[in-house]
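Here is a walk through the model you are about to see. Keep the viewer open and pick out the side chains as they come up.

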Amino acid sequence: MDDPPEGAGTPRDRAGQLASRRHEMQMQLQDVERELAALRRSREGAADDDEHDPDGVPLSEQWSRLEGLRLARLEALAGIDDATERLARGEDGVCRSCGNLIAPARLAVRPEVTTCIDCAP
């Protein structure tokens, strides 16, 4: 695909979108990792059985939530890196399922997507 689809922006615009999204995900990942580190520090030397603590959220629940957020950010970063590679190969904006173009509005919201709205899970 030599020319970008109508309204999709230039490769430079897309590269900027991807770089901005990557930076945003990196900042969110750092925030989550700081929260995980704080949770570890707060639990040092404390009893591990907080499942019956009436004053707070159980450690396992906090840990699960933060770990889920961390994994989601890591997956998003991997998707952004894949999108950057597709852009470099000239395969940007093409649905992996059907081969049709991905709507520019969809790419603007989620620049790392690999499917058009019709093929989205």
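Predicted model: local features only at pLDDT ≥ 70, side-chain atom pairs only at ≥ 80, totals over all residues.

Setting aside its neighbours within four places in sequence, R73 is in contact (heavy atoms within 4.5 Å) with M25, Q28 and L29. R73 itself sits in helix α2, residues 59-89; helices here are DSSP runs of H or I with at least four residues, strands are runs of E with at least two, and both are numbered from the N terminus. With a relative accessible area of 19%, R73 is buried. For that label, buried means under 20% relative accessible area, exposed means over 50%, and partly exposed is in between, using a 1.4 Å probe and protein chains only.

Residues are numbered from 1 along each chain as its sequence is written, and side-chain values use heavy atoms, with hydrogens and water left out.

Now zoom out. The protein chain has three helices and zero strands, running α-α-α from the N terminus on. Of its 121 residues, 27% count as buried. Among contacts between residues at least 6 apart in sequence, 57% join residues at least 24 apart.

How do α1 and α2 pack? Helix α1 (residues 11-43) meets α2 at an angle of about 160°, with the axes 9 Å apart; axes are lines fitted to C-alpha atoms, for helices over the stretch in contact, and angles run from 0 to 180 degrees between N-to-C directions. That makes α1 roughly antiparallel to α2, since angles over 145 degrees count that way, while those under 35 are roughly parallel, 65 to 115 roughly perpendicular and the rest oblique. The residues of this α1 and α2 contact divide into 18 nonpolar, four polar and 12 charged. Ala, Val, Leu, Ile, Met, Phe, Trp, Tyr, Cys and Pro count as nonpolar, Asp, Glu, Lys and Arg as charged, and the others, Gly among them, as polar.

On to the charges. The structure holds eight salt bridges, each a side-chain nitrogen of Lys or Arg within 4 Å of a carboxyl oxygen of Asp or Glu. One of them joins R14 and D92, with the closest N and O atoms 2.8 Å apart. This pair links distant parts of the chain, with R14 in helix α1 and D92 in the loop between α2 and α3 (104-109), 78 residues apart. Both R14 and D92 are buried.

Compare E35 and R65, whose closest N and O atoms are 3.5 Å apart in their salt bridge. Here E35 in helix α1 is linked to R65 in helix α2, 30 residues apart. E35 counts as partly exposed at 38% relative accessibility, and R65 counts as partly exposed at 47%. Within α2, R70 and E67 also meet in a salt bridge (2.7 Å, N to O); because they are three residues apart in that helix, about one helical turn separates them.

Finally, find R21 in helix α1. R21 counts as buried at 17% relative accessibility, and R21, R110 and E112 are linked in a network of salt bridges. Leaving aside neighbours within four places in sequence, R21 is in contact with I80, R110, P111 and E112. The C-alpha atoms of R21 and I80 are separated by 7.5 Å, with the two residues 59 apart along the chain.
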